[in-house]
Amino acid sequence: MSREARPTQSQLKHLAILEAAAAEFREHGYQGTSMDRISERARVSKRTVYNHFPSKDDLFRSILGDVWTRGLAVTDIPFRSEIALEDQLTEIARAEIDFLSRVEILELSRALMAASMQSPELAGSTLEELNKMDSGIVAWVKAAGEHGVLSVTDAEMAGHQFKALIKAFSFWPQVMMGRPPLDDGDTEKVIASAIEVFLAAYET
């Protein structure tokens with residue numbers, strides 16, 4: 001019976017750097033984080049950090065990309081023709097809000113917003129990369145359109161519109177103004193309103 005390959009020392013150091021950097025960015029923001037602090041927290045040399053990540057920008061983008069990838073896996077829900085649109089959109093919206101309400105997401109998002117003030121180029125390129133990954137709802141909209149239950153000419157725009165209706169209440173106020181996550185009652189109201197607006201625009 002073969003054993004699973006154990007991670008190499010390099011892989012363990014890579015993971016330690018990512019975990020340390022994520023904690024530093026969450027606690028101290030982009031500007032307050034340095035490669036020295038990351039190397040100290042990860043218990044590796046500064047040279048080792050640079051061997052894995054050429055710059056703080058690369059490390060920041062890698063962390064955000066990893067977080068968003070895990071989030072997309074949660075919210076990547078396939079279209080099912082036998083289930084009512086309202087029920088499917090409710091499932092998608094709840095998964096999205098659960099993801100966006102995580103402390104690590106809110107803290108890293110605040111770090112990204114702060115970084116945009118100091119380095120618009122970094123923020124712009126990072127958001128562009130993340131938006132390219134943001135495809136779960138878009139794929140669902142495309143499939144719904146192909147089944148004739150939605151009338152869409154631009155699935156990407158329609159998908160982002162649905163997410164924008166959710167983020168307007170469950171993400172941006174929490175990131176920008178420090179408001180607490182929505183309670184169950186407000187969550188249901190936001191979801192119901194987003195679905196109503198979306199289906200009014202696109203349902204056949």
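Some ground rules. Residues count from 1 along each chain as its sequence is written, and side-chain values use heavy atoms, with hydrogens and water left out. The model is predicted, so local features need pLDDT of at least 70, side-chain atom pairs count only at pLDDT 80 or more, and totals for chains, interfaces and linings use all residues.

Start with helix α1, residues 9–28. Helices here are DSSP runs of H or I, at least four residues, numbered from the N terminus. The expected span is 1.5 Å times one less than the number of residues. For the 20 residues of α1 that gives 28 Å, and the end C-alpha atoms are 28 Å apart, so the two agree.

What is buried in α1? Ile17, Leu18, Ala20, Ala21, Ala22, Ala23, Glu24 and Phe25. Buried means under 20% relative accessible area, exposed over 50%, partly exposed in between, with a 1.4 Å probe and protein chains only. Just after α1, Gly29 takes a positive phi of about 75°.

Next, the loop between α2 (35–42) and α3 (46–52), where Arg43 is found. Arg43 is not a glycine, yet its phi is positive, near 60°. Most residues other than glycine have a negative phi. Arg43 counts as exposed because its relative accessibility is 79%.

Last, Thr90, in helix α5 (residues 85–100). Its relative accessibility is 17%, so Thr90 counts as buried. Which residues does Thr90 touch, not counting those up to four places away in sequence? Ile191 and Ile195. Contact means heavy atoms within 4.5 Å. Thr90 and Ile195 are 105 residues apart in sequence, but 7.5 Å apart in space, C-alpha to C-alpha.

Notes:
Helices (H or I, at least four residues) and strands (E, at least two) are DSSP runs, numbered from the N terminus.
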